[in-house]
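Good morning, colleagues. Please bring up the sequence and the model, and keep both in view while I speak.

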Amino acid sequence: MADKKPKKQPRPRAEPPRGFRDYFGAEVTRRQAMLDRITAVYRLWGFEPLETSAVETVEALGKFLPDTDRPNEGVFAFQDEDDTWLALRYDLTAPLARVFAEHRQTIATPYRRYATGPVWRNEKPGPGRFRQFYQCDADTVGTGSVAADAEICMMLADALEAAGIAPGDVAIRLNNRKILNGILARVAPDADEETAAAVLRTLDKLDKAGPQGVRQLLTTGRKDASGAFIAGVGLDGPQADAFLAFLQARRGDNAATLDELRRVVGDAEGPGLEGVEELSTIASLMASQGYGDRVIVDPSVVRGLGYYTGPVMEAELTFEIVDEDGRPRQFGSVAGGGRYDDLVKRFTGHAVPAVGVSIGVDRLLAALDATGRHRAGEAEGPVVILALEREGMARYQAMAAELRAAGIRAEVFMGAGTNMGKQLKYADRRGAPIAVIEAAEERAQGIVQLKDLVLGARLSAEIETREAWAEQPAQRAVPRGDLVTAVSAMLAGQAGAPEPA
């Protein structure tokens, strides 16, 4: 009997894994431009860059993610050849704690650092929710002063403004884990660490589940939107009500909210009252520096990560957008952070206070997209020199070199053929602002044609008559020797700046 023919292997599917995505030129350019502006603010405030490995040991990362029901408790982990478990970092803060513990004898303390880069979480993907995303962090390690917490909040406000968010469109919302710990110690003194963590995760669901849903989850449980039953934490009714009174303690202004929090936590000395007074000090420091209109004491801010020990913060964008169903809603949070005084202690055994904030880069980019606030030129493609004569490649490359020497992005079309229409279509797809045209006729006259592709696209959408088009030509001839000057002037006009004389 003849041997069976080997089964042909199927071709791999040309798509990223579920929950991941690819980023193309314009997106990468916009992201980097925004990060450059944010990190410039961080440097202005005296922070230094740090780049850490994308892979850490599972032991170094710790178990702080809220998605404990996911494989490997929310991280992408694998076993090395020496049986050590490694994982992709889930944020930029856990690696910082390891770095500080490792180099604490040589690092100037307090250590002020910023970092940017991708992080990975093994969580259930959904619309706009990916397993890989970018963060941009700033942290101060080695001081317990609440002035450092206030400074982080003020610097965050400056960074968001530099990115393109108007001061009136952002609110820095503050809470304090110490208040939650104080309430937990008072109403459920026998709760173990697992119960305490479950309470925090549940309280962080207020926006999604609402007060009644949170009460059910704190007690006996509830069914979610799919009909699946979610087990409750197991608190009794009065215990759950104590936490809800805290979550709903926000009043008309910060002073009234702080007074209500003092009432909720009681008059006894302890972590709860200490947490309230820390919030009061942070709000006062921010107000003294002109940031008072951007800080809101909000007890509903909990933060899902388990390593926070004190003040926590979120930056919420307050302008409205239209969701997928056409309904108006506020954009929501784009950054968060807080104090984590025990994270370095895991390595050293000694308490090292620290505070930091993380900007969700993809969220902030989406916010700028939703409002059209990306700055002009951020995603601009290169000037494209059309290659209309095969023997003219040296001339075309010389043009590109002159533009690059002047700091202008430029490339020569390297595709097949000399068809102008095909090359202009390529320039459009590249997002090119200008196409440079020189064929035999232009060469004989010592000129080049500059086609303003930005203006041309706008005119084609707005102008309906031949006469109107003639009054606003999107293409003009300039002497070959004036190429750089003319291109610079056209680019300046596209960006809305006055053209050079």
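Which residue of strand 4 is the bridge partner of E56? The partner is A87. I shall come back to that pairing after a few words on conventions.

What we have here is a predicted model, in which local features need pLDDT of at least 70 and side-chain atom pairs count only at pLDDT 80 or more, while totals for chains, interfaces and linings use all residues. Residues are numbered from 1 along each chain as its sequence is written, and side-chain values use heavy atoms, with hydrogens and water left out.

Let me begin with the whole chain. The secondary structure of the protein chain comes to 18 helices and 18 strands; these are DSSP runs numbered from the N terminus, with helices being H or I of at least four residues and strands being E of at least two. Along the principal axes, the C-alpha atoms fill a box of roughly 90 × 85 × 55 Å. Of the 501 residues, 47% count as buried, where buried means under 20% relative accessible area, exposed over 50%, and partly exposed in between, with a 1.4 Å probe and protein chains only. Among the contacts with a separation of 6 or more, 67% come from residues 24 or more positions apart; a contact means heavy atoms within 4.5 Å.

I turn now to helix 1, residues 25-44. Its 20 residues reach 28 Å from the first C-alpha to the last, close to the 28 Å expected at 1.5 Å a residue; the expected span is 1.5 Å times one less than the number of residues. Its buried residues are R30, R31, M34, L35, R37, I38, T39, V41 and Y42. Against what do they pack? Their partners are strand 5 (111-120), strand 6 (132-141), helix 4 (146-163), strand 13 (354-360) and helix 12 (361-371). After helix 1 comes G46, with a positive phi near 95°.

Strand 5, one of those partners, is mostly covered, with 8 of its 10 residues buried. Strand 5 and strand 6 run antiparallel and are joined by 10 bridges; two strands pair if DSSP finds at least two bridges between them. Y111 has V141 in strand 6 as its bridge partner. Strand 1 (residues 48-49) pairs with strand 5 in the parallel sense over 2 bridges, and there E48 is partnered by R113.

Back to the opening pair. Strand 2 and strand 4 (residues 85-88) are antiparallel over 3 bridges. They belong to an open sheet of 3 strands in the order 2-4-3, with antiparallel pairing. Strand 2 (55-57) and strand 3 (77-79) are the edge strands, each pairing on one side only. From one strand to the next, the twist averages 35°; angles run from 0 to 180 degrees between N-to-C directions, and axes are lines fitted to C-alpha atoms, for helices over the stretch in contact.

Next, the helix pairs. Helix 5 (residues 177-187) and helix 8 (residues 237-247) pack at about 160°, with their axes 10 Å apart. Helix 5 is therefore roughly antiparallel to helix 8, as angles over 145 degrees count as roughly antiparallel, those under 35 as roughly parallel, 65 to 115 as roughly perpendicular and the rest as oblique. In this pair, I179, L180, I183, L184 and V187 of helix 5 meet Q239, A242, F243 and F246 of helix 8.

Helix 9 and helix 10 (residues 271-288) pack at about 170°, with axes 9 Å apart, and are therefore roughly antiparallel to each other. Where does V265 sit? V265 lies in helix 9 (residues 254-265) and counts as buried because its relative accessibility is 11%. Leaving aside residues up to four places away in sequence, V265 touches I179, I183, R186, G272, L273 and V276.

Finally, a second open sheet has 5 strands in the order 15-14-16-17-18, with mixed pairing. Its edge strands are strand 15 (410-412) and strand 18 (475-479), each pairing on one side only, and its twist averages 25° from one strand to the next. Helix 18 (residues 483-494) packs on this sheet, touching strand 14, strand 16 (434-437), strand 17 (447-452) and strand 18, and its direction makes about 10° with that of strand 17. Strand 14 (residues 383-385) pairs with strand 15 in the parallel sense over 3 bridges, with I385 opposite V412.

Thank you for your attention.
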